[in-house]
Amino acid sequence: MRRDTDPRLWYPVSRHGGVTKFDDLPPRWRGNVDVIDRPLTLSEGAQPVWSDAQIDDVTAFLQTLSDRDAQASGR
């Protein structure tokens, strides 16, 4: 969620101070990024929706997931 509230941590900053958001996606997919629905509409400098601890918790949970059952069945 900090990509919206502190984009300078994620994206390159031009020499004029502008940030090129979503440069990590192929140009054809950048239009698919949800910038309309909360919390994805938070402005730069706003408080992030999730704390660092909550992000760590979600990351830890996601790392427990696997596709072993799908890989075993050949899907």
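Colleague: With which residues is Thr5 in contact, leaving aside its neighbours within four places in sequence?

Modeller: Beyond those neighbours, Thr5 touches Leu42, Ser43, Glu44, Gly45, Ala46, Gln47 and Pro48, where contact means heavy atoms within 4.5 Å. This is a predicted model, in which local features need pLDDT of at least 70 and side-chain atom pairs count only at pLDDT 80 or more, while totals for chains, interfaces and linings use all residues. Residues are numbered from 1 along each chain as its sequence is written, and side-chain values use heavy atoms, with hydrogens and water left out.

Colleague: Why does Thr5 count as buried?

Modeller: Thr5 has a relative accessibility of 6%. Buried means under 20% relative accessible area, exposed over 50%, and partly exposed in between (1.4 Å probe, protein chains only). The value for Thr5 is therefore in the buried class. Thr5 belongs to helix H1, residues 2-5; helices (H or I, at least four residues) and strands (E, at least two) are DSSP runs, numbered from the N terminus.

Colleague: How many aromatic pairs does a search of the whole structure find?

Modeller: The search finds one aromatic pair. The rings of Tyr11 and Phe22 have centres 5.9 Å apart and planes at 75°. Rings of Phe, Tyr and Trp (its six-membered ring) pair if their centres lie within 6.5 Å; planes under 30 degrees apart count as stacked, over 60 as edge-to-face and the rest as tilted. The Tyr11 and Phe22 rings are therefore an edge-to-face pair. Tyr11 and Phe22 are 11 residues apart, each in the loop between H1 and H2.

Colleague: Why is Phe22 called buried?

Modeller: The relative accessible area of Phe22 is 14%, and so Phe22 is buried. Tyr11 is buried as well. Phe22 also has a positive phi of about 65°, although it is not a glycine.

Colleague: Which residues make the nonpolar surface patch?

Modeller: Val49, Trp50, Val58, Phe61, Leu62 and Leu65 make a patch of about 540 Å². Patch residues have over 30% relative accessible area and no salt bridge; like charges are joined within 9 Å, and nonpolar side chains (Val, Leu, Ile, Met, Phe, Trp, Tyr) within 5 Å. A salt bridge is a side-chain nitrogen of Lys or Arg within 4 Å of a carboxyl oxygen of Asp or Glu. Accessible areas come from the Shrake-Rupley method with a 1.4 Å probe, and for residues only the protein chains shown count as cover. Phe61 is part of helix H2, residues 52-62.

Colleague: Where in the chain is confidence lowest, and where is it highest?

Modeller: Confidence is lowest in helix H3 (residues 68-73), at a mean of 66, and highest in H2, at 91. Where pLDDT is low, the predicted coordinates should not be read in detail. The chain as a whole has a mean pLDDT of 82, with 88% of its residues at 70 or more.

Note on methods:
pLDDT is the predictor's confidence in each residue, from 0 to 100.
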